[in-house]
Amino acid sequence: MRIVACLNGDRRPGSHPALPVSLDQMVEDAHSAVDAGATDLHVHPRGPGGAESLDPQVVGSLMERLRDDGPQVPVSLTTALSAESDPVRRYDLVQRWASPTLPDSVTVNLHEAGSVDLVHLLHDRRVDVEAGLWTVDAARILVATGITVSAVLIEPTQVQIDDARRNADTIVALLDRAEDSRPRMLHGADATAWPLLEAALAAGMDVRIGLEDTLRLPDGEEARSNADLVARAAEMSSTNAA
(Lines give C-alpha, C1' and ligand atoms only; values in the text may rest on other atoms or scores of the structure.)
Protein backbone atom coordinates (compact mmCIF):
# COMPACT_ATOMS: atom_id res chain seq x y z
CA MET A 1 0.00 0.00 0.00
CA ARG A 2 1.24 3.47 -0.88
CA ILE A 3 1.15 6.42 1.48
CA VAL A 4 1.56 9.50 -0.70
CA ALA A 5 2.63 12.75 0.96
CA CYS A 6 0.92 15.66 -0.82
CA LEU A 7 3.21 18.46 0.27
CA ASN A 8 1.58 21.75 -0.75
CA GLY A 9 -1.25 21.62 -3.31
CA ASP A 10 -2.81 24.91 -4.34
CA ARG A 11 -2.70 26.43 -0.86
CA ARG A 12 -1.50 30.00 -0.73
CA PRO A 13 1.99 30.67 0.66
CA GLY A 14 1.69 31.40 4.37
CA SER A 15 -1.58 29.46 4.80
CA HIS A 16 0.37 27.21 7.19
CA PRO A 17 3.74 27.97 8.82
CA ALA A 18 5.26 24.73 7.47
CA LEU A 19 3.81 24.83 3.92
CA PRO A 20 6.77 24.16 1.58
CA VAL A 21 7.02 26.60 -1.30
CA SER A 22 10.70 27.15 -2.12
CA LEU A 23 12.93 24.44 -3.59
CA ASP A 24 14.89 24.13 -0.35
CA GLN A 25 11.69 23.80 1.66
CA MET A 26 10.26 21.16 -0.66
CA VAL A 27 13.43 19.07 -0.60
CA GLU A 28 13.70 19.26 3.19
CA ASP A 29 10.00 18.49 3.59
CA ALA A 30 10.25 15.55 1.20
CA HIS A 31 12.92 13.94 3.37
CA SER A 32 10.89 14.52 6.55
CA ALA A 33 7.72 13.05 5.01
CA VAL A 34 9.50 9.93 3.76
CA ASP A 35 11.23 9.48 7.12
CA ALA A 36 7.75 9.62 8.71
CA GLY A 37 6.44 6.82 6.49
CA ALA A 38 5.54 8.22 3.06
CA THR A 39 6.29 5.95 0.11
CA ASP A 40 5.68 8.57 -2.62
CA LEU A 41 5.52 12.34 -3.01
CA HIS A 42 2.97 14.56 -4.76
CA VAL A 43 4.01 18.17 -5.36
CA HIS A 44 2.61 21.31 -6.95
CA PRO A 45 5.61 23.15 -8.49
CA ARG A 46 5.95 26.78 -7.43
CA GLY A 47 7.46 29.71 -9.30
CA PRO A 48 9.76 32.32 -7.75
CA GLY A 49 6.82 34.25 -6.25
CA GLY A 50 5.32 31.14 -4.68
CA ALA A 51 2.45 30.69 -7.16
CA GLU A 52 1.76 27.33 -8.80
CA SER A 53 3.48 26.90 -12.14
CA LEU A 54 3.83 24.30 -14.89
CA ASP A 55 6.56 26.28 -16.63
CA PRO A 56 9.25 23.89 -17.96
CA GLN A 57 12.04 25.74 -16.15
CA VAL A 58 10.17 25.60 -12.83
CA VAL A 59 9.33 21.91 -13.25
CA GLY A 60 12.85 21.08 -14.41
CA SER A 61 14.48 22.85 -11.47
CA LEU A 62 12.17 21.13 -8.98
CA MET A 63 12.69 17.66 -10.40
CA GLU A 64 16.45 18.14 -10.66
CA ARG A 65 16.65 19.10 -6.98
CA LEU A 66 14.39 16.26 -5.87
CA ARG A 67 16.37 13.74 -7.92
CA ASP A 68 19.75 15.03 -6.75
CA ASP A 69 19.01 15.95 -3.13
CA GLY A 70 15.62 14.46 -2.27
CA PRO A 71 14.65 11.02 -1.01
CA GLN A 72 14.76 8.35 -3.69
CA VAL A 73 11.01 7.75 -3.97
CA PRO A 74 8.54 8.24 -6.84
CA VAL A 75 7.52 11.86 -7.46
CA SER A 76 4.14 12.88 -8.87
CA LEU A 77 3.35 16.40 -10.10
CA THR A 78 0.05 18.12 -10.67
CA THR A 79 -1.35 19.25 -14.02
CA ALA A 80 -4.44 20.86 -12.47
CA LEU A 81 -5.93 23.93 -14.09
CA SER A 82 -5.30 25.71 -10.79
CA ALA A 83 -1.65 25.77 -11.91
CA GLU A 84 -2.44 26.91 -15.47
CA SER A 85 -6.01 27.94 -16.22
CA ASP A 86 -5.75 27.80 -20.04
CA PRO A 87 -5.97 24.17 -21.23
CA VAL A 88 -4.18 24.96 -24.51
CA ARG A 89 -1.31 26.70 -22.75
CA ARG A 90 -1.17 23.87 -20.21
CA TYR A 91 -0.75 21.33 -23.02
CA ASP A 92 2.03 23.43 -24.54
CA LEU A 93 3.87 23.79 -21.20
CA VAL A 94 3.71 20.06 -20.43
CA GLN A 95 4.81 19.26 -23.98
CA ARG A 96 7.96 21.32 -23.33
CA TRP A 97 8.95 19.56 -20.10
CA ALA A 98 12.49 18.28 -20.61
CA SER A 99 13.04 14.51 -20.77
CA PRO A 100 15.90 14.26 -18.24
CA THR A 101 13.74 15.81 -15.53
CA LEU A 102 10.31 14.38 -16.26
CA PRO A 103 8.38 13.33 -13.14
CA ASP A 104 7.66 9.68 -12.45
CA SER A 105 3.95 10.39 -12.78
CA VAL A 106 1.38 13.17 -12.91
CA THR A 107 -2.22 13.58 -11.90
CA VAL A 108 -4.75 14.66 -14.54
CA ASN A 109 -8.25 15.66 -13.45
CA LEU A 110 -10.58 14.17 -16.04
CA HIS A 111 -13.36 16.70 -15.48
CA GLU A 112 -11.09 19.49 -16.71
CA ALA A 113 -11.11 20.73 -20.30
CA GLY A 114 -8.36 19.18 -22.42
CA SER A 115 -7.70 16.35 -19.98
CA VAL A 116 -7.98 13.45 -22.44
CA ASP A 117 -5.59 15.07 -24.92
CA LEU A 118 -3.17 15.70 -22.05
CA VAL A 119 -3.30 12.04 -21.01
CA HIS A 120 -2.45 10.99 -24.57
CA LEU A 121 0.49 13.42 -24.63
CA LEU A 122 1.87 12.11 -21.35
CA HIS A 123 1.43 8.50 -22.48
CA ASP A 124 3.42 9.28 -25.62
CA ARG A 125 6.14 10.74 -23.39
CA ARG A 126 6.09 7.63 -21.19
CA VAL A 127 4.96 9.48 -18.08
CA ASP A 128 2.52 7.55 -15.91
CA VAL A 129 -0.83 9.22 -15.27
CA GLU A 130 -3.12 8.98 -12.28
CA ALA A 131 -6.64 9.82 -13.38
CA GLY A 132 -8.24 12.26 -10.95
CA LEU A 133 -11.94 11.44 -10.55
CA TRP A 134 -13.79 14.19 -8.71
CA THR A 135 -17.19 13.24 -10.13
CA VAL A 136 -19.13 10.29 -11.53
CA ASP A 137 -19.01 11.96 -14.96
CA ALA A 138 -15.20 11.95 -14.75
CA ALA A 139 -15.32 8.21 -14.07
CA ARG A 140 -17.54 7.78 -17.11
CA ILE A 141 -14.95 9.64 -19.22
CA LEU A 142 -12.26 7.23 -18.01
CA VAL A 143 -14.33 4.17 -18.89
CA ALA A 144 -15.70 5.49 -22.19
CA THR A 145 -12.42 6.76 -23.65
CA GLY A 146 -10.28 3.80 -22.69
CA ILE A 147 -7.33 6.10 -22.05
CA THR A 148 -4.15 4.59 -20.60
CA VAL A 149 -3.61 5.49 -16.95
CA SER A 150 -1.57 3.71 -14.30
CA ALA A 151 -3.90 4.37 -11.37
CA VAL A 152 -7.18 5.97 -10.38
CA LEU A 153 -7.39 8.78 -7.84
CA ILE A 154 -10.87 9.04 -6.32
CA GLU A 155 -11.16 12.50 -4.77
CA PRO A 156 -14.69 13.67 -3.89
CA THR A 157 -14.85 17.39 -3.23
CA GLN A 158 -18.05 17.51 -1.18
CA VAL A 159 -17.66 19.33 2.13
CA GLN A 160 -19.92 17.06 4.17
CA ILE A 161 -18.50 13.60 4.88
CA ASP A 162 -21.75 11.74 4.10
CA ASP A 163 -21.97 13.47 0.71
CA ALA A 164 -18.30 12.75 -0.02
CA ARG A 165 -18.71 9.09 0.87
CA ARG A 166 -21.78 8.74 -1.38
CA ASN A 167 -19.89 10.29 -4.28
CA ALA A 168 -16.88 8.03 -3.71
CA ASP A 169 -19.08 4.93 -3.41
CA THR A 170 -20.85 5.77 -6.67
CA ILE A 171 -17.52 6.21 -8.48
CA VAL A 172 -16.22 2.93 -7.07
CA ALA A 173 -19.40 1.11 -8.12
CA LEU A 174 -19.07 2.44 -11.67
CA LEU A 175 -15.44 1.30 -11.87
CA ASP A 176 -16.38 -2.11 -10.49
CA ARG A 177 -19.11 -2.52 -13.11
CA ALA A 178 -16.57 -1.65 -15.79
CA GLU A 179 -14.20 -4.25 -14.30
CA ASP A 180 -11.50 -1.60 -13.97
CA SER A 181 -8.71 -3.29 -12.00
CA ARG A 182 -6.19 -0.44 -11.88
CA PRO A 183 -4.85 0.55 -8.45
CA ARG A 184 -7.10 3.01 -6.63
CA MET A 185 -6.44 5.76 -4.16
CA LEU A 186 -9.09 7.61 -2.14
CA HIS A 187 -8.65 10.91 -0.35
CA GLY A 188 -10.65 13.86 0.91
CA ALA A 189 -9.90 17.44 1.85
CA ASP A 190 -10.10 19.36 5.12
CA ALA A 191 -13.07 17.97 7.08
CA THR A 192 -13.28 14.82 4.94
CA ALA A 193 -9.53 14.07 4.80
CA TRP A 194 -9.24 11.74 7.79
CA PRO A 195 -12.63 10.00 7.47
CA LEU A 196 -11.89 9.16 3.83
CA LEU A 197 -8.37 8.04 4.68
CA GLU A 198 -9.91 5.60 7.18
CA ALA A 199 -12.36 4.45 4.50
CA ALA A 200 -9.50 3.93 2.04
CA LEU A 201 -7.56 1.83 4.54
CA ALA A 202 -10.64 -0.28 5.26
CA ALA A 203 -11.15 -0.86 1.52
CA GLY A 204 -7.49 -1.73 0.91
CA MET A 205 -6.86 1.33 -1.25
CA ASP A 206 -3.75 3.50 -1.37
CA VAL A 207 -3.90 6.68 0.69
CA ARG A 208 -2.48 10.15 0.67
CA ILE A 209 -2.18 12.89 3.27
CA GLY A 210 -0.38 16.19 3.64
CA LEU A 211 -0.88 19.91 3.91
CA GLU A 212 -2.51 19.94 0.48
CA ASP A 213 -5.40 17.95 1.91
CA THR A 214 -5.61 19.09 5.53
CA LEU A 215 -3.89 21.32 8.05
CA ARG A 216 -5.16 19.32 11.02
CA LEU A 217 -4.68 16.00 12.74
CA PRO A 218 -7.63 13.66 13.32
CA ASP A 219 -8.35 15.21 16.74
CA GLY A 220 -8.63 18.69 15.19
CA GLU A 221 -5.30 19.95 16.46
CA GLU A 222 -3.24 21.86 13.91
CA ALA A 223 -0.51 19.67 12.41
CA ARG A 224 3.05 20.84 12.85
CA SER A 225 4.14 19.70 9.40
CA ASN A 226 3.62 17.25 6.56
CA ALA A 227 5.71 14.74 8.50
CA ASP A 228 3.30 15.08 11.42
CA LEU A 229 0.37 14.19 9.16
CA VAL A 230 2.20 11.33 7.43
CA ALA A 231 3.31 9.81 10.73
CA ARG A 232 -0.31 9.69 11.91
CA ALA A 233 -1.43 8.11 8.63
CA ALA A 234 1.35 5.52 8.84
CA GLU A 235 0.30 4.69 12.39
CA MET A 236 -3.31 4.25 11.29
CA SER A 237 -2.19 2.06 8.39
CA SER A 238 -0.19 -0.19 10.70
CA THR A 239 -3.11 -0.50 13.10
CA ASN A 240 -5.46 -1.35 10.24
CA ALA A 241 -3.11 -4.04 8.95
CA ALA A 242 -2.66 -5.66 12.36
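A salt bridge is here a side-chain nitrogen of Lys or Arg within 4 Å of a carboxyl oxygen of Asp or Glu. By this criterion, a search of the whole structure, which is a predicted model, returns 17 salt bridges.

**Figure 1. Salt bridges link R2, D40, E130 and D206 in a network.** D40 counts as buried, at 9% relative accessibility. In the salt bridge between R2 and E130, the closest N and O atoms are 2.7 Å apart. D206 is located in the loop between α7 (193-203) and β8 (207-209), so the pair connects parts 204 residues apart in sequence. At 11% relative accessibility, D206 counts as buried.

**Figure 2. Strand β5 pairs in the parallel sense with β4 and runs parallel to β6.** Five of the six residues of β5 (residues 128-133) are buried, and the strand is thus mostly covered. Five bridges pair β5 with strand β4 (residues 105-109), and E130 of β5 is the bridge partner of T107. Between β4 and β5 the chain passes through helix α4 (residues 115-124) in a right-handed β-α-β crossover. Four bridges join β5 to strand β6 (residues 151-154), where I154 is the bridge partner of L133. Helix α5 (residues 136-145) forms a right-handed β-α-β unit together with β5 and β6.

**Figure 3. The buried residues of helix α3 (residues 87-95) are R90, L93 and V94.** These residues lie on the same side of α3, because they cover an arc of only 95 degrees around the axis. In an α-helix, with 3.6 residues a turn, residues three or four places apart point the same way. The elements that cover the buried residues of α3 include α2 (56-69) and α4. At the start of α3, a side-chain oxygen of D86 comes to within 2.9 Å of the backbone nitrogen of V88.

How values were computed: Residues numbered from 1 in each chain as written. Predicted model: local features only at pLDDT ≥ 70, side-chain atom pairs only at ≥ 80, totals over all residues. Heavy atoms only, no water. Buried < 20%, exposed > 50% of the residue type's maximum accessible area, 1.4 Å probe, protein only. Helix = DSSP H or I, 4+ residues; strand = E, 2+ residues; numbered from the N terminus. Pairing = 2+ DSSP bridges. Right-handed = clockwise from strand over helix to strand, strands pointing away. Arc of directions from axis to C-beta. Contact = heavy atoms within 4.5 Å. Polar contact = N/O pair within 3.5 Å; in protein donor to acceptor, adjacent residues only side chain to side chain.
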